[in-house]
Each structure stands twice: as structure tokens, then as C-alpha cells.
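Dear colleague,

I am handing over the structure below for your records. Please look through it before reading the notes that come after it.

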Amino acid sequence: MKFNKLALFFAGIILVTTSCKKEQDLDPNAPDALATNRDTLANPSDDFFAYANGGWFKRNPIPDTEKSNGIFRTIGDTINSQIKQICEKSAAENAQKGTNKQKIGDFYASGMDTIAINKLGISPLKSELSKIDAVKDVSSLLNEIAHLHTIGASPAFGFYLGQDDKISTKYALFFSQGGLGMGNRDYYFNTDKETTTIRIEYVKHLEAISKLMGNDEVTSKKNAQVIMKLETELAKNSRKLEALRDPVKNYNKMTLAQFKSSTPNIAWEKLLPVMKVAKADSVIVGQPEFYKALDKTIKSYTIENWKTYLKWDLVNTYASYLGSAFEKQNFYFYSTVMNGVKKQKPRWKRVVEETDDSLGELIGQVYVEEYLPKGTKEKLLEIGNNIRDVYAERIKKLDWMSPETKKKALNKLAKIVMKVGYPDKWKDMSSVNIDKGTYLANVMAVNVWSYNDMITKYGKPVDRTEWGMYPQTYNAYYNPSNNEICVPACNIIVPGFEGRMPDDAVLYGIIGGSTFGHEITHGFDDQGSQYDEKGNLNNWWTADDLKKFREKTKAIVAQFNKYEALPGKFVNGDATQGENIADLGGVVMGYEAFKKTKQFKENQKIAGLTPNQRYFLAYGYAWMVNIKPEALGQQIMTDVHSPARFRINGPLSNINEFYKTFNIKEGSKMFISEKDRVVIW
């Protein structure tokens with residue numbers, strides 16, 4: 001999956017196409033983003049990230065309201081303004097109850113009604129907190145944990161329904177590690193100064209939330225210690241980020257009886273009906289050691305300790321939708337302490353983002369109908385198919401893969417399904433009740449609907465037409481169980497070229513390389529390569545080819561392990577290898593497709609830049625992100641994507657044409673000897 005990009009949507013939208021224009025055909029007075037973004041004082045041989053984007057960074061410092069700045073934030077402001085218009089128009093129409101516009105308008109209005117929200121305080125959670133108070137024993141404790149999972153919270157463990165990795169035609173119940181307020185296990189144990197400070201601040205945060213819930217100072221301190229101790233116990237038995245990447249080791253299918261045998265204190269046969277699963281024949285447990293430890297923790301902590309933790313988990317889930325005191329405290333820890341963000345965004349931006357997160361399926365329908373340029377779907381497919389074609393050519397020419405494995409790789413490539421633009425059918429959200437009353441109640445109603453929508457699939461045939469993103473979301477993904485990529489509609493928009501046609505170097509650097517090429521390569525990265533053309537976890541490699549492939553993946557792991565993102569903090573090459581492989585494959589395939597264009601063949605210059613220079617600068621533009629140190633520290637610890645600097649410098653350091661284009665010589669910081677450059681696909 002691409003880095004979490006925001007939607008690309010500009011007021012002056014123009015549909016891009018793959019035909020190019022000569023330099024003289026473009027508006028001579030229009031600035032060229034690739035040229036103006038550069039810092040010409042930076043040396044492209046030492047840091048291409050700084051060279052390609054440093055000029056823009058100098059002119060646009062990171063705002064206090066953001067953890068980063070760059071192409072995504074600027075575009076995010078634009079998409080938020082567009083969705084705001086949809087929300088405000090919907091609210092003003094006084095639409096009929098139950099319609100999409102009524103739900104969008106009322107949801108937004110409830111979020112903007114800060115007077116009502118502050119007046120209600122924590123009362124919207126009163127009934128759920130009372131249920132936790134009613135817990136008296138282990139049985140009722142487990143039932144309450146199960147119930148909380150159905151309303152959007154996620155205490156004690158992780159749970160979801162998805163396709164069985166080895167039988168992609170069936171849905172399965174997945175149990176994984178979870179229950180951590182700081183998300184990642186390493187926050188509870190790392191001893192560096194930054195993480196230690198976050199851990200200290202987390203305890204203070206727990207105390208502050210407890211006080212806001214009505215507890216006195218002594219009780220709040222005690223509660224904070226209980227929660228921290230319990231979460232540390234859960235973290236101790238959780239796997240590290242890189243260990244979660246192995247789909248085989250994290251696939252442990254067992255009968256319900258076997259699961260029960262490994263966790264005798266947890267009556268799963270009673271919990272699952274509470275979680276709305278009437279009858280389960282088997283489960284897939286990601287990390288069995290976590291559940292064995294959880295089984296002991298259920299008994300080693302008192303019922304009162306667990307109730308304290310459950311109340312915290314519930315309030316933490318919904319803190320952003322409670323009164324301003326809760327929201328500000330939640331912002332302070334998770335945004336300021338963990339990400340370095342000093343100020344909250346304006347209220348309307350926060351509510352717009354939540355409306356889109358919650359009702360994006362409905363907003364997407366309005367977006368497609370009223371804003372999306374015609375022909376988007378067709379154009380995206382055209383670019384995607386061009387990338388797939390050059391991918392096939394590359395596979396056929398690989399010198400390290402046998403004909404037997406090539407045949408299977410090509411078969412898998414040919415069967416990749418491309419979901420582009422927007423879905424042909426939309427999810428039915430008619431059962432969601434939204435009104436202008438209570439903001440938190442609206443958010444919870446959507447969470448309950450989402451859970452029910454997920455869990456009711458159990459026992460039914462897999463719906464391979466379902467989408468996991470909205471058309472207004474600038475992101476993309478590869479789903480190994482379906483052997484499919486999904487590229488939402490707004491990926492067709494290229495910022496900085498409003499009112500004129502982007503040239504092919506830009507199109508294939510951004511849409512071709514960092515999007516289609518990247519996602520297709522996920523089908524052949526360290527994880528995706530373990531799934532066959534039908535989406536099943538099934539080895540299709542010869543032993544010798546698999547050995548060669550793993551040697552290549554080890555090389556890219558070693559390369560990225562050397563990148564120092566912050567003083568003394570390095571990129572986790574193991575955890576990020578899938579995205580690094582996809583970045584490398586993407587930029588290579590984008591370039592191979594670009595070489596077939598008229599612009600490349602005729603060596604047309606635009607804004608004084610050669611086709612090759614424009615292509616590599618366009619790829620750099622795709623990851624133009626400047627990030628605060630605090631947020632960068634969190635990304636290194638919790639994210640499977642490398643920092644933007646290394647998503648540019650890393651892959652490009654392996655491409656011979658890049659060396660020729662920017663005259664990269666031995667002794668420069670980006671230089672890698674030709675024999676050590678990583679070539680996979």
C-alpha cells in the first residue's frame with residue numbers, strides 16, 4: 001500500500017491523459033512544479049530527496065497544526081474544502097430522513113455543535129460505562145470485552161473477519177495481538193530518551209483522562225498505574241513489527257476446541273455469540289503465545305483492575321467525540337507528545353475528516369456524481385494496463401528466474417484484478433440511523449454498522465467485488481487474498497498542472513510508478529509472493545528460485561537498515577521490506593512504460609528538463625513529505641513504510657539510468673557499486 005496519501009482533488013480539475021504535449025504547446029507562463037520544487041543548491045548525488053523537493057520545503061514550513069507538510073497536506077486542505085461543501089450543502093437541504101444527504105448533513109452538523117457536545121460531557125458513554133461497572137466475575141468480564149468489540153472499542157486483543165489466507169473463497173475469524181493504548185509494543189520497553197519520555201507522558205495522560213472521568217487525584221494515579229501495568233503485560237507477549245510480516249508464522253488455524261484448550265480461562269464458545277458469531281467451526285490465531293499469556297492475565301489481574309482498563313479503552317476510543325476537555329487531552333498526548341503537532345486543526349476540518357471516515361461510502365456517491373471528471377475509470381485502466389504489459393516483459397527477461405517459475409509469475413500477473421475509479425455497486429448503509437442529536441452516538445452508530453457489515457459475511461461466499469477504499473481517497477492497495485489492486489478515482493489528478501496537460505514523465509512517475517507499479521509489485525514482494533494467482537497462501541516457486549528471491553530481499557533489507565532517519569535511529573529494513581520492494585518495482589516499471597512514450601523517444605525537454613530528469617523528479621514529487629522529528633520517530637517504530645526521504649533515495653540508488661541522468665559518481669552519498677545494486681523485478 002502507498003504511504004497514507006490524502007485525496008488529490010483540485011478546484012480546477014482537469015482529466016489527465018497519457019498523450020504528451022511538446023514544451024511549446026504548454027502555457028509558457030505557467031510554473032512547472034518539477035522545476036520550482038527543486039533546491040538547486042542541494043546535490044542530487046548526495047540527497048535526491050532534498051534536491052527534488054527542498055525548494056518547496058523552504059517556502060512551506062510545517063504548520064503547527066500538522067505533523068508533516070508536503071504534497072499530501074496541501075492537497076488534503078483542498079479535498080477537505082470540497083467535502084466541507086458537500087457536508088454543508090447536505091445540511092442546508094433539509095433532506096428527507098434516511099437519504100445519503102440527510103445522513104451526511106446531520107452527521108456533520110452534530111460534530112459542529114460544540115455547545116451540545118460540551119454540555120453532554122461524558123454522558124453519551126454513561127450506559128456503556130454502567131455495563132462495565134456491572135461486571136462481577138470472569139464470565140461477565142469476558143462478555144463485556146466481547147461486547148465492546150462490537151461497538152468500536154478493541155480491548156485485550158484484536159479481532160476481525162477476513163478471507164482465509166489458504167482458502168480465499170471462504171471468510172475466517174482472525175484473532176490477533178492488541179489492546180495497547182500506545183499501539184506498538186516497543187513503546188513499553190525501548191529505553192531511548194524519546195520513547196522513555198513518551199512512556200512517562202502516557203502515564204500522565206492516563207491520570208488526566210481518569211480525572212476527567214470524575215475520579216479524584218489519588219484514584220486517578222492508581223488507575224494509571226493499573227492500566228500501564230496491564231498493557232505492559234500485553235505488550236510483553238506481543239510480537240515485534242517485523243515479526244508480523246510473515247504470513248505463514250502468523251497463520252495458525254485451529255478448531256474452536258483447540259483454541260479453548262490453549263486458553264482454558266476464556267470461554268470462546270460463549271464470547272463468540274456475544275460478538276455476533278452464532279456458530280464457528282474454526283479460528284485463525286495470529287500469535288498463539290499472546291493468547292496463552294492473555295489467558296493467565298485474565299486471572300492474575302483483579303476484576304476491578306480489568307474494569308479500570310475497560311473504561312479507559314472505551315473512553316480512549318471515543319475521546320475525540322466527547323467534550324472539549326477530553327478532546328484536548330487526547331490531542332495533547334497522541335498528536336503533540338507522539339507526533340509533535342502543537343495546535344489542533346480548525347473544528348470544521350476535524351469534523352469533515354471524521355464525516356468522510358465514517359460516511360465516506362455515501363460521500364463517495366456524491367463525489368462521483370457531482371465532481372468526478374468523465375472517463376476517469378477508463379484512463380486509469382489504460383495506464384494500469386500499460387504498466388502490467390511492461391511488467392510481463394520484465395519478468396520474461398529476468399536472468400535469475402527459471403522458465404517454470406516465470407510461467408507461474410506471468411499467470412499471476414495476468415490474473416491481477418484492477419479495481420479503478422469507483423465501485424460498480426455501493427454498500428447499503430440504509431440501516432444506519434444518523435441525526436443532529438449526539439455526535440458520539442452518530443460515530444458509534446457507524447462503528448456498530450461497520451462491525452455488523454463485517455461479521456454478517458461469516459459463512460457466506462466471498463464478495464470479490466467489494467472495495468476497501470473510497471473514490472475520494474488518494475491511496476491504493478493490493479489485496480493478496482483477491483490478487484487485486486485498488487486505485488481510487490482521485491489518483492488520476494496530478495497537482496500543479498491545473499488547466500494544462502501533464503506530460504508523460506509526470507504521469508508515469510506518479511500514477512504509473514508510485515501507484516500502479518507499486519501496487520502490482522506488492523503481489524511479488526516478500527509477503528505477496530507467497531500467495532498464488534487465486535489468492536491462496538501457497539508456494540508456487542521452485543526451491544532454487546525462492547532461494548534467489550530471498551537473497552535479493554535480504555539485500556534490500558540490508559540496504560535500508562543503513563539509513564539513519566534520526567540521530568541513532570535507523571530504518572527497520574525487515575519491517576519495511578515489502579514497501580521498499582514495491583517502491584523499487586514501481587519506479588522501475590513506471591520508467592519502462594515511460595520509455596515507450598513519444599516524449600521519451602523524441603527526447604523532448606520541458607521546463608529545461610530532459611525526459612529522464614523529469615521522470616525521476618516526478619517520482620520524487622510523489623513522496624514530497626517533510627515531517628516533524630516526533631512524527632518521524634513514531635513512523636520508524638510503528639510504520640511498515642520507510643520515511644519519504646528513503647522512499648526516494650533508496651530505490652533510485654539501485655537504478656542505473658538514474659546514475660547516468662544525474663551524473664552520480666563514486667564517493668557521493670547515494671552511490672552504490674553496480675554489483676551491489678538491488679534488482680528484483
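The notes below describe a sheet, a helix and a single residue in turn.

Please bear in mind that this is a predicted model.

The sheet is open and consists of four strands in the order β2-β3-β5-β4, with mixed pairing. Its edge strands are β2 (158-163) and β4 (253-255), each of which pairs on one side only. On average, neighbouring strands of this sheet are turned by 35 degrees against each other, direction ignored. Strands β2 and β3 (residues 171-176) run antiparallel and are joined by six bridges; Gln163 stands opposite Tyr171 of β3. Helix α18 (residues 439-455) lies across β2 and β3, and its direction makes an angle of about 45 degrees with β2.

The buried residues are Ala631, Leu632, Gly633, Gln634, Gln635, Ile636 and Met637. They pack against the helices α8 (193-212) and α14 (324-339) as well as the strands β9 (564-566), β10 (569-570) and β11 (625-627).

The last item is His147, which is located in helix α7 (residues 138-149). His147 counts as buried because its relative accessibility is 18%, and the cut-off for buried is under 20%. Leaving aside residues up to four places away in sequence, His147 touches Glu128, Lys131 and Val274. With Glu128, the side chain of His147 also forms a side-chain polar contact of 2.9 Å.

Yours sincerely

How values were computed:
Residues are numbered from 1 along each chain as its sequence is written. This is a predicted model: local features need pLDDT of at least 70, side-chain atom pairs count only at pLDDT 80 or more; totals for chains, interfaces and linings use all residues. Side-chain values use heavy atoms; hydrogens and water are left out. Helices (H or I, at least four residues) and strands (E, at least two) are DSSP runs, numbered from the N terminus. Buried means under 20% relative accessible area, exposed over 50%, partly exposed in between (1.4 Å probe, protein chains only). A polar contact is a pair of N or O atoms within 3.5 Å; within protein, one must be able to donate a hydrogen and the other to accept it, and residues adjacent in sequence count only if both atoms are side-chain atoms. Contact means heavy atoms within 4.5 Å. Two strands pair if DSSP finds at least two bridges between them. Axes are lines fitted to C-alpha atoms, for helices over the stretch in contact, and angles run from 0 to 180 degrees between N-to-C directions.
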